Amino acid sequence: MILDSHGREINYLRLAVTDRCNLRCTYCMPHDGLQWLQRDELLTYEEMLRLCRLLVSKGISKIRITGGEPFARKDMMHLLTSLSEIDGLSELTLTTNGVLTAPFIPGMKKIGIRSVNLSLDTLDRERFLAITRRDELDKVLDTLRALLQQGMGVKINAVLMDGRNTGDIRPLVELAKDNAVSVRFIEEMPFNGDGADCQPPVWDHPRILQEIKAHFPGIYKIPDAPHATAYNYSIPGYKGTVGIIAAYTRSFCGSCDRIRITPQGTLKTCLYSDGGLSVRDLLRSQQNDELLLATLLSAINNKPRDGWAAEHSRKEGRVLGESMAIIGG
Ligand code: SAM
Ligand code: SF4
């Protein structure tokens, strides 16, 4: 079992496989994209597999592949298949924008991936274009349909932005009427990659809930899974559920069970920390597994108490517009 110094069990790894993306969501990266990492700055698949095998041997039981856009990296199915074969890994999932994903769904199902998080901030084509700067809504909806047809678990992630997609709250919630999906609204975080100082989100958990209640007065709270980041709700007669992720207000840190590996192979023990251990350098330093694990476990042990402590410990004392794609969303 991997424990941190606050007594939390760490069993969940979010592994970002690339910083590149085929969308340009305004809350995540600038219009012209990022200064993309060079190939040798990224972990190779072999390095990722070694790292994952080691961490699983110590207690990581769930791995989520993220990015950037996972399917923007070549041969993603090759990595997923190898990860799915790791003994002791009980859950392999991924988060995707859905643009390139549909053709891979049968393959993902075959190797045992049971659920996918799909990012979808609006069901309106014009608004989708304005938010993601790409006209790709149809492909994302094809992916959603294909996931449901294949009987995969689906969580829809929608970042809420004042005046941009709050009118989508109602139609997005309605997706849960006939489909067993979990529609989750995420407070916008200051990770937009443009270097600007960000204000706390206007649409925080209470405001989102208030808006949902205005349209769906029968909504009621349901129990949350242990370590869940979403506060979950049900609506009578609905097959799916609705969730709110207080990603900015950070009210779920006390039960946090996760660590991240960024696309450049840095261990981040909190989304809001800066820097972190370069696992890439460690992996390339010819260290044996035992030494490598000892360094990793010691860094994990120092996981900050919560996202506020992590942010205050940054050099600037606050987040200054890093991209979520560089952190590994
Ligand atoms: N490209 C994939 C996607 O969009 O699903 C995976 C990577 S993306 C960085 C992971 C998640 O982070 C997405 O659900 C996205 O909506 C969310 N995200 C990105 N920037 C965010 C921000 N500034 N605030 C809140 N969520 C954000
Ligand atoms: Fe790409 Fe995902 Fe960031 Fe959007 S949120 S720009 S899809 S990495």
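1. A residue counts as exposed when its relative accessible area is over 50%, and as buried when that area is under 20%. The model is a predicted one, and the points below should be read with that in mind.

2. Is Gln 35 buried or exposed? Its relative accessible area is 78%, so Gln 35 is exposed. This residue sits in the loop that runs between strand 1 (12-16) and helix 1 (45-58).

3. Gln 35 and Arg 20 are 15 residues apart along the chain. The distance between their C-alpha atoms is 9.4 Å.

4. Turning to the ligand, 19 residues surround ligand 1. The closest are Tyr 27, Gly 68, Thr 96, Ser 119 and Met 189. By class, the shell is made up of seven nonpolar, nine polar and three charged residues.

5. Which backbone atoms approach ligand 1? A polar backbone atom of Tyr 27 lies 2.8 Å from a nitrogen atom of the ligand. For Gly 68, a polar backbone atom is 3.1 Å from a nitrogen atom of ligand 1. At Thr 96, a backbone N or O atom is 3.2 Å from an oxygen atom of ligand 1.

6. How much of ligand 1 does the protein bury? On its own, ligand 1 exposes 550 Å², and the protein buries 96% of that. Strand 3 (91-96), strand 5 (153-160) and strand 6 (181-187) are the elements that each give two or more residues to the shell around ligand 1.

Definitions and conventions. Residues are numbered from 1 along each chain as its sequence is written. Chains are lettered from A and ligands numbered from 1 in the order in which they are written. This is a predicted model: local features need pLDDT of at least 70, side-chain atom pairs count only at pLDDT 80 or more; totals for chains, interfaces and linings use all residues. Side-chain values use heavy atoms; hydrogens and water are left out. A residue is near a molecule or strand if one of its heavy atoms lies within 4 Å of it. A polar contact is a pair of N or O atoms within 3.5 Å; within protein, one must be able to donate a hydrogen and the other to accept it, and residues adjacent in sequence count only if both atoms are side-chain atoms. Accessible areas come from the Shrake-Rupley method with a 1.4 Å probe; for residues, only the protein chains shown count as cover. Helices (H or I, at least four residues) and strands (E, at least two) are DSSP runs, numbered from the N terminus. Ala, Val, Leu, Ile, Met, Phe, Trp, Tyr, Cys and Pro count as nonpolar, Asp, Glu, Lys and Arg as charged, and the others, Gly among them, as polar. Buried means under 20% relative accessible area, exposed over 50%, partly exposed in between (1.4 Å probe, protein chains only).
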